[in-house]
Amino acid sequence: MEDQARDFVPARFRRSLLSATAGMAVAGLLALPHSAAAGGSPTVPVLNWQPCTPAQAGFDCATAKVPLDYSAPQGQTINLGLIRHKATDQANRIGSLFWNPGGPGAFGTVFLPIALTLPATGSPVLFPAALHERFDIISWDPRGVGAPPTASGGTDSVQCFDTPQQELDYENTLPAGTPVTPEQRQAWIDGWAYIAHKCAASSTAYLLPHVSTADTARDLDLLRQAVGDAQLTYQGNSYGTFLGEVYANLFPDKVRAMVLLGNINPTGWTNDGDDNPRLDAWLRQNVMLGTAKTLDTFLRFCGQSSVEQCAFSAGSPAATRAKWQSLIERLLTDPVVVGTTTYNYDLTVTTAVVSIYQVPGWPTLANTLQALWEGSTDPSRYPSNQPSVQGQQTVQVLAVKCAESPNPRNPDLYAGFADIATQRAGAVGPYWVWLDAECAAWPATATDQYTGPWNTPTANPILVVNNTADPATPYFAAVSVAEQLANTRLLTIQGYGHADGGDPSTCGNSYISDYFINLALPPKGAVCRQDDAPFISTSASE
């Protein structure tokens with residue numbers, strides 16, 4: 001998931017802010033020998049904070065050394081990159097608030113400055129202003145994640161191609177994310193098998209067995225100690241909620257305050273600890289039902305709006321839904337070529353899936369769909385094909401998700417899974433199945449996994465927050481998380497999009513701020529709304 005900007009780039013379309021699937025190869029083939037015998041305790045990193053680059057003015061950066069393998073905590077180490085925004089009210093500073101933006105594989109060092117940017121409204125993009133005052137807000141690039149190291153050093157990150165651009169260029173030769181024809185599906189399977197082969201043969205293959213969420217949770221506890229906090233204050237978005245769930249059960253007495261925003265069901269992610277799944281990860285979790293609900297919400301709001309507000313409106317929700325269905329069926333046989341981009345069924349459905357993540361992007365999606373409806377080949381009517389933020393690499397997403405969330409290894413099964421997903425969720429369903437198929441040939445499994453139990457009592461309650469129409473982490477997953485964890489309170493946001501959806505809720509932010517600052521929970525059954533409804537000024541009922 002993502003809490004991250006989405007771009008109309010085929011390779012980027014295949015990324016969700018969160019993705020979970022698994023590979024089941026022999027991890028020992030990829031592990032380096034430990035440089036010291038197992039035993040002892042890991043050393044708490046020393047953080048030498050320095051001003052970041054001019055492009056990140058106002059932030060401090062540091063590097064932390066952590067064990068490659070926690071079964072040999074005094075053995076080989078790897079470097080993690082960190083970024084910090086210091087509390088603006090140092091006299092009343094409470095401590096540090098750690099944030100994981102999701103992914104898996106999102107660069108925290110890239111996305112924290114984006115999340116803390118103050119737009120013209122004067123409101124933070126993600127964290128309420130009161131939290132800027134009272135906490136040092138810290139994010140980091142989790143193990144295996146980040147830009148390639150330079151000659152002067154840097155963090156240890158999974159790199160399967162010579163450069164990130166080479167990786168992107170290769171991914172752009174593959175279908176966009178919902179392959180339909182037998183030829184597209186075979187190209188998808190073969191392409192991701194080739195990427196898996198490249199990763200197994202890369203100089204960073206030693207990392208692949210050691211980038212699990214449990215490993216990252218142990219890193220997070222070392223970082224907590226490194227900043228001098230007796231307990232952890234944490235927010236996880238999307239995949240970051242799973243990291244929070246793992247941390248809370250590995251270190252329950254260290255939980256001061258934890259917000260889980262846009263939730264992953266931990267038993268679904270881990271397949272209840274069973275390495276022999278009958279279905280792929282997202283299909284067994286029914287994630288596509290949240291996507292279908294959010295797309296239907298987009299079409300409903302669009303149909304209730306004028307064409308000035310939503311270009312794709314057909315005058316009513318029913319007519320707009322019918323228009324969408326007619327468009328994608330037409331594109332099966334009659335794609336629209338815009339410059340070097342071919343908008344076929346595959347690309348258009350994938351465009352819709354990733355575009356509904358952020359509510360402010362819904363008008364752009366509507367404009368694109370209307371241009372396709374008219375058969376326009378005018379490039380000015382379509383979004384740029386260049387990504388605006390380089391905050392994630394596909395192979396780093398795969399390194400985490402493919403190693404710990406079990407998926408069938410037989411690639412021939414995924415076409416049948418895609419049919420099931422279509423029956424459940426319509427055109428958007430197979431998108432998730434084919435994300436899982438990326439892992440069919442992955443060459444490593446995590447050596448350190450946490451698969452439960454999930455109900456260990458924590459020192460303080462955990463606040464579970466979710467939109468009611470989230471395309472990647474459905475609301476029903478948050479309800480399940482609130483029930484599975486031992487000590488929670490559920491805050492429902494009557495809203496749309498992934499995690500915060502790019503549309504803040506003043507009501508929700510007030511509860512979250514009070515919780516982080518004063519450890520005060522919202523009332524049981526609390527429900528808030530996002531501040532702005534899509535396209536129109538007054539929210540329609542669910």
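User: In which loop is Gln56 found?

Analyst: This is a predicted model, in which local features need pLDDT of at least 70, side-chain atom pairs count only at pLDDT 80 or more, and totals for chains, interfaces and linings use all residues. Residues are numbered from 1 along each chain as its sequence is written, and side-chain values use heavy atoms, with hydrogens and water left out. With strands taken as DSSP runs of E of at least two residues and helices as runs of H or I of at least four, numbered from the N terminus, Gln56 is found in the loop between β1 and β2 (60-67).

User: Is Gln56 buried or exposed?

Analyst: Buried means under 20% relative accessible area, exposed over 50%, and partly exposed in between, with a 1.4 Å probe and protein chains only. Gln56 touches Cys61, Ile83, Thr109, Val110 and Pro113, not counting residues up to four places away in sequence, where contact means heavy atoms within 4.5 Å. Because its relative accessible area is 18%, Gln56 is buried.

User: Which are the edge strands of the open sheet of 10 strands?

Analyst: Two strands pair if DSSP finds at least two bridges between them. The order in this sheet is β1-β2-β3-β5-β4-β6-β7-β10-β11-β12, with mixed pairing. Each edge strand pairs on one side only, and these strands are β1 (50-51) and β12 (527-529).

User: Which residue in β11 stands opposite Ala469?

Analyst: Strand β10 and strand β11 (residues 488-496) run parallel and are joined by seven bridges. In β11, the residue opposite Ala469 is Tyr496.

User: How many residues of helix α16 are buried?

Analyst: Helix α16 spans residues 429-437 and is mostly covered. Its buried residues include Trp432, Trp434 and Asp436. The count of buried residues in α16 is nine of nine.

User: What volume does the largest cavity have?

Analyst: On a 1 Å grid over the protein atoms alone, a cavity is a set of points where a 1.4 Å probe fits but cannot get out, and lining residues have an atom within 4 Å of a point. Of the 19 lining residues of the largest cavity, the closest to its centre are Leu261, Asp500, Ser505, Asn509 and Ile512, while β10 (462-469) and α18 (506-518) each supply at least two residues of the lining. Grid points are joined across faces, edges and corners, and a volume is the space filled by probe spheres set on the points. For the largest cavity this volume is about 190 Å³.

Conventions
1 Å grid on protein atoms, 1.4 Å probe; cavity = no way out; pocket = protein on both sides within 12 Å on 5 of 7 lines; lining within 4 Å.
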